[in-house]
Amino acid sequence: MTKTAILGYGTVGSGVAEVLCGHEESIARKADGPIQLKYICDVREFPDSPYQDRFVKDFSVIENDPEVGIVVETIGGTGVALDFTRRALKAGKSVVTSNKELVATHGYELTHLAAEHGVCYLFEASVGGGIPIIRPLTQCLAANDLLEITGILNGTTNYILTRMARAGAPFADALKEAQANGYAERDPSADVDGHDACRKICILASIAFGRHIYPDQVPTEGIRNITPTDMDYAEQSGRKIKLLGRAVLQPDGTVSAYVCPHLVDMENPLAGVEDVFNGITVKGDAIGDVMFYGKGAGKLPTASAVVADVIDLARNKEHRKAVLWEEGGPDAVSAHPMATRWYVRAQTRPEDLRKTLGGGQVLARRGIEYGETACITADSLTPEELKQRLGALQPLSVLRVLD
Ligand code: HSE
C-alpha cells in the first residue's frame, strides 16, 4: 500500500483527490497495489469536501508520518511550496508537482536534493497540463540529441489570440472574454506577459539540453501589444500570430531561449493549435520533428499528469531513475539572440520601408490605411541588426516570423 498526501486543495489539488479516489481500482492495478490518499494539507476550511476526515492544517503531521511515501505539491509559487518540498524530500518522501514556477526556478536544487535522499522529484504536470511531454523528452526520445523545442505553452494567451483572429476583437475585449470563461485570472499578467510560457520553456530547455536555464535568462514578451490590424496582415499573408516559447541548441553548445509572439505559416502544424490548446514541437537528430498536442491546463487534465507520476513512483519504488540536469549559469545561454525574419508595420510608404529593411515582402490587407505599410524582412536578423536597419524609423509593430 502506497500512502500519499496532497499539499494545497485548489483547482489542481482537488482534481488530484478526485482522480486518485475516483479511479482507485484501476490505479491499484497499474501501480501494482493500492494508493491511499491519507492527508490533504490546506489552511483553509472545506466543509463541503467529501474528504473531510483527511484534512490537516499542519504540514509537520505529514512530514513526520513515516507511512506517507509520496507528497503531491499543488500549492503553487515559490514560498511555502519550496519550504514544504525541501522538508518532504529530506524526510525521504518523493514529491510530485504541477508547480512550474518552482521547477523553473529551483528544479536543479530539488531534483538533486531528491537524489541525495534516495527519492524522486517529478513534474510531468508542470508543462502542457495533461500532455505527456517531460517523460517523452527523458525516455521516449532519449536516443536523440535534441536540437530545438518550439511550443504554444500557454492556453490562456492562445485562447485570446484565437478570439482576436476569429472575431477581429481587440486584445482588451478578448482578455475580458477569457476572464469571463474562467481561463484568465483577474490579474492576467503571468499569462499575457509571457511569464508562464517562460517558466515552461525553461523547464523543457533544462531537461532537453542538460543545464538549468533560469527564467531571468530568457527574454520574454507577451501579447498585450498585438492589434487586430496585425492579425489582419498575418491572416492575409497566410499566417497566424502565436505566442511561442523557443529553445534552440547553438553550435557552441549554448542555448538560445526566448518567448514572444510570432507570425506562423498556416502550413506549420502550430498554426492549427487553437483556443486553450497547447502544442509543442521537438526536433531530435534521429527522429526529426515530433509534435505533442492537447489540453495544456485545467483541473482534470493537469490532475491526470500528476496522478500518472504518482503511479510511476508507486510502481517503481526501488529502481526509478531520477531526471537530473546540471547547474546553470551565464555560460549556459547564448550570448547572441536568435536571428529570424521579422514582420514590421510602420507609417511609411512601401518603397521606403523596403529600402530601410534592405528588401522584403510587402503585405496586403483589406481597408489598408493610406501611408501604412507592413513588410516581412528578406533577411534573418538579430534584434540588434533589425534595430540598426530601422535607424530613426519608429515602427507601429515588430514581430518575429517563425521560419
Ligand atoms: N494559466 C496557464 C495557461 C495554466 O493558461 O496555460 C497552465 O499552466
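1. A salt bridge here is a side-chain nitrogen of Lys or Arg within 4 Å of a carboxyl oxygen of Asp or Glu. With that in hand, Arg166, Lys240, Lys242, Glu274 and Asp275 are linked in a network of salt bridges. A search of the whole structure finds 33 salt bridges, and a few of them are picked out below.

2. A word on the ground rules. This is a predicted model, in which local features need pLDDT of at least 70 and side-chain atom pairs count only at pLDDT 80 or more, while totals for chains, interfaces and linings use all residues. Residues are numbered from 1 along each chain as its sequence is written, and side-chain values use heavy atoms, with hydrogens and water left out.

3. The side chains of Glu274 and Arg166 form a salt bridge with an N to O distance of 3.8 Å. Glu274 sits in the loop between β9 (255-265) and β10 (277-284) and Arg166 in helix α7 (residues 155-167), so this pair ties together parts that are 108 residues apart in sequence. Helices (H or I, at least four residues) and strands (E, at least two) are DSSP runs, numbered from the N terminus. Glu274 has a relative accessibility of 14% and counts as buried; buried means under 20% relative accessible area, exposed over 50%, and partly exposed in between (1.4 Å probe, protein chains only).

4. Asp275, another member of the network, lies in the loop between β9 and β10. Asp275 is not a glycine, yet has a positive phi of about 55°. With a relative accessible area of 26%, Asp275 is partly exposed.

5. Asp32 counts as exposed, at 62% relative accessibility.

6. Arg211 and Asp331 meet through their side chains at 3.1 Å, N to O. Arg211 lies in the loop between α10 (195-209) and α11 (228-236) and Asp331 in the loop between α12 and β12 (341-347), so the pair ties together parts that are 120 residues apart in sequence. Arg211 is partly exposed at 28% relative accessibility. The salt bridge between Asp289 and Lys283 has an N to O distance of 3.2 Å; Asp289 is exposed at 56% relative accessibility, whereas Lys283 is partly exposed with a relative accessible area of 30%.

7. Now the sheet. Nine strands form an open sheet with mixed pairing, in the order β11-β10-β7-β8-β9-β15-β12-β14-β13; two strands pair if DSSP finds at least two bridges between them. β11 (288-295) and β13 (360-362) stand at the edges with a single partner strand each, so one side of each is left without a neighbour in the sheet. On average, neighbouring strands are turned by 30° against each other, direction ignored. Angles run from 0 to 180 degrees between N-to-C directions, and axes are lines fitted to C-alpha atoms, for helices over the stretch in contact.

8. How is β10 placed among its partners? Six bridges join β10 to strand β7 (residues 146-152), and the two run antiparallel. Across this pairing, Gly151 stands opposite Ile280 and Ile149 opposite Val282. β10 and β11 also pair in the antiparallel sense, over eight bridges, with Val282 opposite Val290 in β11. Three residues lie between β10 and β11 in the hairpin that they form. Six of the eight residues of β10 are buried, so this strand is largely enclosed by the rest of the structure.

9. Finally, the helix packing. Helix α1 (residues 11-22) packs against helix α12 (residues 299-315) at an angle of about 65°, with their axes 8 Å apart, and the crossing is right-handed (the near helix is turned clockwise from the far one by less than a right angle). Contact means heavy atoms within 4.5 Å. Residues that meet include Val12, Val16 and Leu20 in α1 and Leu300, Ala303 and Val307 in α12.

10. Thr2 is buried, with a relative accessible area of 6%. Leaving aside neighbours within four places in sequence, Thr2 is in contact with residues including Pro34, Ile35, Ala314 and Lys317.
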